[in-house]
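Take a look at it before reading on.

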Amino acid sequence: MESFFSEKRTWADGPYLHFVAVLDDPAYVAYAQAHHELLAAYGDRVGIVPAPWLHWTAQGVHHRLDDGQVETAVQAVREAARHAAPATVTMGPVWPGPSAVTVAMYPEEPLAAVNTLVRAAVSAVPGVQLREAATRFWPHSTLAYFRSPSVHDAEFNRRLRTIRPDRVEITIKRLLAVYMYQDLDVGYYTWTPIAEIPLGADAAAPEVVCGKTRTTATYGTTPPWGDSDAESEITVGRLVVQPPLSESQIRYESFASAALDDNTYFEEAEPPMPVWPDPVTIACERPYGDGVCGSTRLRVRGSWNSPAVIICERGHSWQDTVEMMREVIVAAEPAR
């Protein structure tokens, strides 16, 4: 047996561009976590992959690229991925390998097809050199990397075989272009997202307009659906928010409303009511190329009681207020 991050596997100058599928399906996360008690018993001899970093690698580039090459590669893969299709696969069984614990992904053919498309697109970028392709593509997800050669022994193998949770089915609908890091301190891979890449022709998502009626009912203590602490993710084609009145406008509106109840209060004419601010389209303001990203195709993730994480189509992310998540949940409330 061997340590995964041996000298021959450790990158000299990462991070490197990779195209991965994030395996965050709750069923698969539970499947992976069913093995954590055993893996944790081996302490720092294994690097257990936490839920946010579970992934399948469609293709990696194992040398440094400049910004122009990265952007060209991402755009080439985005175009190629339009000719792919979402892949539904079964996760399992678990394989104890010589340097890692991995999970099989079946059937292999749809994932191999995605790899072929991505590989061809990236290979066409000037200056990119990919590792030689294996005779047969091996799709898998890693649960843990061995950090010591003393982990995988007969006892470990026997205990791993006794766990055997039910296999789970997941659907991979998108890839993420990332800068992949080897985090040697914890013993697994992490990344910084660059861009989200849908598999298949990407139909335009519906526009969602939020905040038309910012009332007490909208921001009540009970969300319109789901558990208030449960995390939700909603995709929107365009997010338009109606900004609230300023505090001074609210006070003036209250004063004017009360005054209007007494028709003798104004000797000349009623004062104009405050004008509600113009709607604002939420757009990504992260740097991109020589300017600003500007994408309005967004995913919003969070719970009713926690700040929202907004992610644009290129993988840029930022946090917004609790009110933002509440507005999106209200606007995207499913039919009852």
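**Notes on pockets, a cavity and a helix**

1. Let's start with the lining of the largest pocket, to which β1 (16-22), α1 (26-33), β7 (168-172), β8 (174-183), β9 (188-198), β11 (232-236), β16 (298-302) and β17 (308-312) each give at least two residues. The largest share, 5 residues, is supplied by β11. Please keep in mind that this is a predicted model.

2. The space in this largest pocket comes to about 1,500 Å³. Its lining counts 46 residues, and those closest to the centre are Asp24, Arg174, Glu196, Glu233 and Arg299. Sorted by class, the lining of the largest pocket holds 25 nonpolar, 7 polar and 14 charged residues.

3. Next comes the second largest pocket, with about 1,200 Å³ of space. Look for Thr57, His62, Arg131, Trp138 and His140, which are the closest to its centre among the 37 residues of the lining. Here the classes are 15 nonpolar, 16 polar and 6 charged residues.

4. Which elements build the second pocket? At least two lining residues come from each of β3 (55-60), β5 (100-106), α4 (109-123), β6 (140-146) and β8. With 6 residues, β3 provides the largest share.

5. Which residues of α4 are buried? They are Leu111, Val114, Asn115, Val118, Arg119, Ala121 and Val122. These residues sit on the same side of α4, because the arc they cover around the axis is only 165°. On the face of α4 turned away from the buried side you will find the exposed residues Glu109, Thr116 and Ala120.

6. Finally, how many cavities of 30 Å³ or more does a search of the whole structure find? The search finds 1, and the space in this largest cavity is about 30 Å³. Its lining consists of Val77, Ala80, Ala81, Ala84, Val114, Leu117, Val118, Leu175 and Leu199, with at least two residues coming from each of α3 (67-81) and α4. By class, the cavity lining has 9 nonpolar residues, no polar ones and no charged ones. Val114 and Val118, in this lining, are also among the buried residues of α4.

Terms used: Residues numbered from 1 in each chain as written. Predicted model: local features only at pLDDT ≥ 70, side-chain atom pairs only at ≥ 80, totals over all residues. Heavy atoms only, no water. 1 Å grid on protein atoms, 1.4 Å probe; cavity = no way out; pocket = protein on both sides within 12 Å on 5 of 7 lines; lining within 4 Å. Points joined across faces, edges and corners; volume = space filled by probe spheres on them. Helix = DSSP H or I, 4+ residues; strand = E, 2+ residues; numbered from the N terminus. Nonpolar A, V, L, I, M, F, W, Y, C, P; charged D, E, K, R; others polar. Buried < 20%, exposed > 50% of the residue type's maximum accessible area, 1.4 Å probe, protein only. Arc of directions from axis to C-beta.
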